[in-house]
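Subject: The model we talked about

Hi there,

Here is the structure I promised to send over, with some notes below it. Please have a look at it in your viewer while you read.

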Amino acid sequence: MSAIIEVKDLNLWYGAHHALHSVNIDIPEHEITALIGPSGCGKSTFLKTLNRMNDLIADCKITGEVLIDGVDLYGKVDINVLRKRVGMVFQKPNPFPM
């Protein structure tokens with residue numbers, strides 16, 4: 001089974017804070033995948049890379065590759081189309097700028 005989401009050597013910084021370190025994961029289609037860890041370990045930060053919500057944060061720098069169906073999300077992608085396809089549900093209400 002091929003991966004629908006492929007993450008290769010993903011690094012993310014908020015200013016000088018290196019929040020995600022060399023993340024590599026393949027998430028297969030039609031499978032359940034859970035991200036489990038303590039508060040502050042980067043789970044939500046990682047998930048926000050999948051629909052480019054981190055673009056809204058000043059001084060956020062991302063390196064590596066995030067692919068969905070082989071398409072690089074940080075290449076020439078229509079953000080509105082991406083966010084229609086990859087949504088987020090938060091534990092607490094969180095306004096989303098349109």
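Lys-8 counts as partly exposed because its relative accessibility is 36%; on this scale, buried means under 20% relative accessible area, exposed over 50%, and partly exposed in between (1.4 Å probe, protein chains only). Lys-8 forms a salt bridge with Glu-6, with 3.9 Å between the closest N and O atoms. The term salt bridge here means a side-chain nitrogen of Lys or Arg within 4 Å of a carboxyl oxygen of Asp or Glu.

A word on the source: this is a predicted model, in which local features need pLDDT of at least 70 and side-chain atom pairs count only at pLDDT 80 or more, while totals for chains, interfaces and linings use all residues. Residues are numbered from 1 along each chain as its sequence is written, and side-chain values use heavy atoms, with hydrogens and water left out.

The overall layout

The protein chain has two helices and four strands, in the order β-β-α-β-β-α along the sequence. Helices (H or I, at least four residues) and strands (E, at least two) are DSSP runs, numbered from the N terminus. Of the 98 residues in the protein chain, 27% are buried. Taking contacts with a separation of 6 or more, 56% are between residues 24 or more positions apart; a contact means heavy atoms within 4.5 Å. The protein chain exposes about 6800 Å², and carbon and sulfur atoms supply 55% of that. These accessible areas come from the Shrake-Rupley method with a 1.4 Å probe, and for residues only the protein chains shown count as cover.

The other salt bridges

In total, the structure holds three salt bridges. Asp-69 and Arg-85 meet in one of them, at 2.5 Å from N to O. This pair links distant parts of the chain, 16 residues apart: Asp-69 is in the loop between strand E3 (60-68) and strand E4 (71-72), and Arg-85 is in helix H2 (residues 79-85). Asp-69 is partly exposed, at 45% relative accessibility, whereas Arg-85, at 51%, counts as exposed.

Arg-52 also forms a salt bridge, with Asp-55, the closest N and O atoms being 2.8 Å apart. Where does Arg-52 sit? Its place is in the loop between helix H1 (43-49) and E3. Arg-52 counts as buried because its relative accessibility is 13%, while Asp-55 is partly exposed at 37%. The side chain of Arg-52 also reaches the backbone oxygen of Leu-73 at 2.9 Å. Leaving out residues up to four places away in sequence, Arg-52 touches Leu-73, Tyr-74, Gly-75, Ile-79, Leu-82 and Arg-83.

Asn-11 lies in strand E1 (residues 3-14) and is buried, at 7% relative accessibility. Its side chain reaches the backbone oxygen of Asp-9 at 3.3 Å. Beyond four places in sequence, the residues that Asn-11 touches include His-18, Leu-20, Lys-61 and Ile-62.

Best wishes

Methods:
Polar contact = N/O pair within 3.5 Å; in protein donor to acceptor, adjacent residues only side chain to side chain.
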